[in-house]
Amino acid sequence: MSDTGDGQFDAIVIGAGVSGLCQLHALRGLGLRAVVLEAGGGLGGTWYWNRYPGCRFDSESYTYAFSFDDGLLADWDWSEHFSAQPETLAYLEFVADRLDLRRDLRFDHRVRTAAFDDAGGHWTVTADRPDGPATFEARYLITAVGALSTPTFPVIEGLDPTTGDDVFDGPSHHTGLWPHEPVDLAGKRVGVIGTGASGVQVIQEIAKAADHLTVFQRRPNWCAPLHNTAITDDEQPALKARYGELYQRCAETFGGFVHDADRRKALEVSEEERLENWERLYAEPGFGIWMGNFRDVLVNAEANRLMSEFAAQKIRDRVDDPDLAERLIPTDHGFGTRRVPMETNYYEVYNQPNVRLVDLRDTPISAIVPQGVSTLSPDGVEIHELDLLVYATGFDAVTGAFDRIEFTGAGGQRLRDRWSDGPLTHLGTQIPGFPNLFMLVGPHNAATFCNMPRCIEQNVDFVSTLITENERRETATVAPTEHAAAEWTEHVGQMADRMLFSKIDSWFTGVNKNQPEHLQRRVLLYAGGAPRHRDACDAETADGFPGFEFR
């Protein structure tokens, strides 16, 4: 095979982020020749593309690392409890160099089509690259495309939602497509559209440097303090000594974090005990306030209402202007039923004289204009003059990266058609009718609602197990049965129905108001928890893979 050209391989991996690197290492361990096709100019996935100011973990850094190599764990020192993007990218580059992964990575290769050849029993993949299209063939095709990797733009006059091109005279950037070179904020009038997780992070940082910041908020989100700190020289060896304990803890928890639900119920303890617990969680670092709360907060409407009241009062306590505070309190969903952004002085930003909140519920955006952003109010049109415009408008979540590629399975069936009424999978790993196609971070597996690397390693292990079994049986292909996929998809729906988030419009439920085709709720996430998903995969293996056909 050529180092730069087309070729035939045993396996093709799409994406060189956390999951793609992990899967490449595993494939080598199986003795298979593999190549990773990556659209970006470098490795890292999420951490390659998202370079906006303030981008960082909300998982504890030391729980985000790969656990399969003791040497990697011993030789890398995290500088903060919640690492920023540059350090995370540096870590992934360190892993790639240590494991000699780069020789099988093909950068600037954006995959466009992937078709299964019924006669040949292999996948043919085409990719765009700077010097022209390339074609690759392999028996196995593994998608490592990420859950939040397809940026979306709002549908606004003066902006092309497909390309992101706008009529604004100044520079404009999506947080998920941030420039690699520094963006000068000093003395600038900056506008940020969007207040989701990336919006919250970038707003915090821009407010420190910009002459003036205008935040265009369509609807507020519940946020909670990150409480990030540096890892001291004394802490570093103590943390490393606990790696075994920490990773065992992550393996046991619902979301793969060090935090797990309090087994008590908010409605069964006294008000004093309830508030004391919430105050403690609010003051602690990380996702404990979301993932370590009373076990009924995310499933019982009354318990959730009480938690939401607590969080609302925290916002009122932190924002000086009472009217402004109320505009920052969500009224269309309860705490934790959407992804909870972790923040550092986010609410205090609105106490600064150089920051203005524009509530789009009252004064909607009418257009992007050369001067900046135009909004409508009862008093007429207002032009917000800007020097820089930031779109923090999120992603086409979970299935968006699959929709960008024309997947064609056995008999010529298209994946878009197969999933027209929502995803159908078995264990979130394979799709009936698409032999030897595997998903690492896709619909219906635990990685979409998880501390990513913890679930990614589990998914890579299971994909590797299926491939190993196919090789052992000396069969050409492996794919799930229709019956097994229907049963698993039904189970995924049942798990989601228990959760309050399933009743809310968000990327969790596949709703994206920027995309007319994604206005109806779909079941995308596996809400049964990481341990339950792992147990299901283990049971499938122990029982001899009854849900799969080897041919």
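In which hand of crossing does H1 pass H16? H1 passes H16 in a right-handed crossing. The model described here is a predicted one.

**Helix packing**

Two packed helices are described by the angle between their axes and by the distance between those axes.

| Helix pair | Angle between axes | Distance between axes |
|---|---|---|
| H1 (residues 18-29) and H16 | roughly 35 degrees | within 10 Å |
| H9 (residues 271-283) and H11 (residues 301-318) | roughly 55 degrees | within 11 Å |
| H16 (residues 452-473) and H18 (residues 530-542) | about 10 degrees | 11 Å |

**H1 with H16**

The axes of helix H1 and H16 cross at roughly 35 degrees. On the H1 side, the contact is made by Val18, Ser19, Cys22, Gln23, Ala26 and Leu27. H16 supplies Pro453, Ile456, Glu457, Val460, Val463, Ser464 and Ile467. Sorted by class, the residues of this contact of H1 with H16 are nine nonpolar, three polar and one charged.

**H16 with H18**

H16 also packs with H18, at an angle of about 10 degrees. Because angles under 35 degrees count as roughly parallel, H16 is roughly parallel to H18. From H16, the residues in this contact are Cys455, Gln458, Asn459, Phe462 and Thr465. H18 contributes Ala530, His533, Arg534, Cys537, Glu540 and Thr541. The contact of H16 with H18 divides into four nonpolar, five polar and two charged residues.

**H9 with H11**

The axes of H9 and H11 cross at roughly 55 degrees, which makes H9 oblique to H11. H9 passes H11 in a right-handed crossing. Arg274, Leu275, Trp278, Glu279 and Tyr282 of H9 take part in the contact. Their partners on H11 are Ala303, Leu306, Met307, Phe310, Lys314 and Arg318. The contact of H9 with H11 holds seven nonpolar and four charged residues, with no polar ones.

**The cavity**

How many cavities of 30 Å³ or more does the structure hold? There is one cavity of 30 Å³ or more. The space in the largest cavity is about 30 Å³. Its lining is made up of Thr195, Gln217, Pro220, Asn221, Cys223, Leu328, Tyr346 and Tyr347. In this lining, five residues are nonpolar, three are polar and none is charged.

Terms used:
Residues are numbered from 1 along each chain as its sequence is written. This is a predicted model: local features need pLDDT of at least 70, side-chain atom pairs count only at pLDDT 80 or more; totals for chains, interfaces and linings use all residues. Side-chain values use heavy atoms; hydrogens and water are left out. On a 1 Å grid over the protein atoms alone, a cavity is a set of points where a 1.4 Å probe fits but cannot get out, and a pocket is an open set with protein on both sides within 12 Å along at least five of seven lines; lining residues have an atom within 4 Å of a point. Grid points are joined across faces, edges and corners, and a volume is the space filled by probe spheres set on the points. Ala, Val, Leu, Ile, Met, Phe, Trp, Tyr, Cys and Pro count as nonpolar, Asp, Glu, Lys and Arg as charged, and the others, Gly among them, as polar. Axes are lines fitted to C-alpha atoms, for helices over the stretch in contact, and angles run from 0 to 180 degrees between N-to-C directions. Helices (H or I, at least four residues) and strands (E, at least two) are DSSP runs, numbered from the N terminus. Angles under 35 degrees count as roughly parallel, over 145 as roughly antiparallel, 65 to 115 as roughly perpendicular and the rest as oblique. Contact means heavy atoms within 4.5 Å. A crossing is left-handed if the near helix is turned anticlockwise from the far one by less than a right angle, and right-handed if clockwise.
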